[in-house]
Amino acid sequence: PSPNTMSMASCRAAARALSTSAPPPISSVVVVGGAGAMGQAVVSKFADAGAEVISVDFVAGPPAASYSVVLEPKPTFAAAALDAGDKVAELLRVSGAPKVNAVVCTAGAWAGGGVGDADGLAAVDAMMGANLQSAVTASHLAAQHLTGTSDGLLVLTGAAGVLGESGTDFMAGQVAYVTHYSTPPPPPLAQPPPWRGGPP
């Protein structure tokens, strides 16, 4: 296997280690999906702790949010992420806050069921779209607006499925893909693979 490939067991171990570590102090946070049920709870928790909270969603965030960034549906993941990034950048510019300490993704969906039945399969495209788009958007916001690589925090809540043995592992795997994609690329190979320039 590639050195960048982690087994599900390794992912679970890494997630457990991260979940027990002390969180850094958070004074400003972006909550992607801040108007949803989980998002509202997260917004309220950060606001109660004294943080400035920016809700990013398709509707205005809850009253506890310091600011709301309202998105419009876009045809591609890239367009959605860029639109959110531009709107948050403008808000930060106007408010005079150059960066945020954390980006928390609470957006996404799960329709229930599983890949073993027709109803579960019927929802796969919509669920993958909702979960991947929100994870890509949150990762883009983190790349653009976090304070730094050592003290900035990106939380993709959908990845919590790797902690258990439940059926949510399927969607957690999709969020894990975005997590892997949003990390810095590995160093270049000492020797390029023999098929460089095109597949064999």
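The pLDDT is the predictor's confidence in each residue, on a scale from 0 to 100. That is a handy place to start, since the structure above is a predicted model. Across the chain the pLDDT averages 74, and 60% of the residues reach at least 70.

Let's look at two stretches to treat with care. Where pLDDT is low, the predicted coordinates should not be read in detail.

| Stretch | pLDDT | Contacts in the model beyond near neighbours in sequence |
|---|---|---|
| Residues 165-170 | under 50 | nine contacts, beyond four places in sequence |
| Residues 189-200 | below 50 | one contact |

Now for the overall layout. The chain has six helices and five strands. Reading from the N terminus, the elements follow the order α-β-α-β-β-α-β-α-α-β-α. Of its 200 residues, 33% count as buried.

Next, let's go inside. The largest nonpolar core is made of 20 residues, and Val-30, Ile-54, Val-56 and Val-103 have the most contacts within it. Two or more residues of this core come from each of β1 (28-32), β2 (52-57), α3 (77-95), β4 (102-105) and α5 (124-145). There is also a second, separate core of 10 residues, with Phe-46, Val-53, Ala-65 and Ala-102 among them.

Apart from neighbours within four places in sequence, Val-30 touches Ile-54, Val-56, Val-88, Val-100, Ala-102, Val-103, Val-104 and Leu-141.

On the α3 side, the residues in contact include Phe-77, Ala-84, Gly-85 and Val-88. From α5, the partners include Gly-129, Leu-132, His-140 and Leu-141.

Finally, stay on helix α3 for a moment and find Asp-83. Is Asp-83 buried or exposed? Buried means under 20% relative accessible area, and Asp-83 has 14%, so Asp-83 is buried. Beyond its neighbours within four places in sequence, Asp-83 is in contact with Leu-71, Glu-72 and Lys-74.

Definitions and conventions: Residues are numbered from 1 along each chain as its sequence is written. This is a predicted model: local features need pLDDT of at least 70, side-chain atom pairs count only at pLDDT 80 or more; totals for chains, interfaces and linings use all residues. Side-chain values use heavy atoms; hydrogens and water are left out. A nonpolar core is a set of buried Ala, Val, Leu, Ile, Met, Phe, Trp, Tyr and Cys residues joined through side-chain atoms within 4.5 Å. Buried means under 20% relative accessible area, exposed over 50%, partly exposed in between (1.4 Å probe, protein chains only). Helices (H or I, at least four residues) and strands (E, at least two) are DSSP runs, numbered from the N terminus. Contact means heavy atoms within 4.5 Å.
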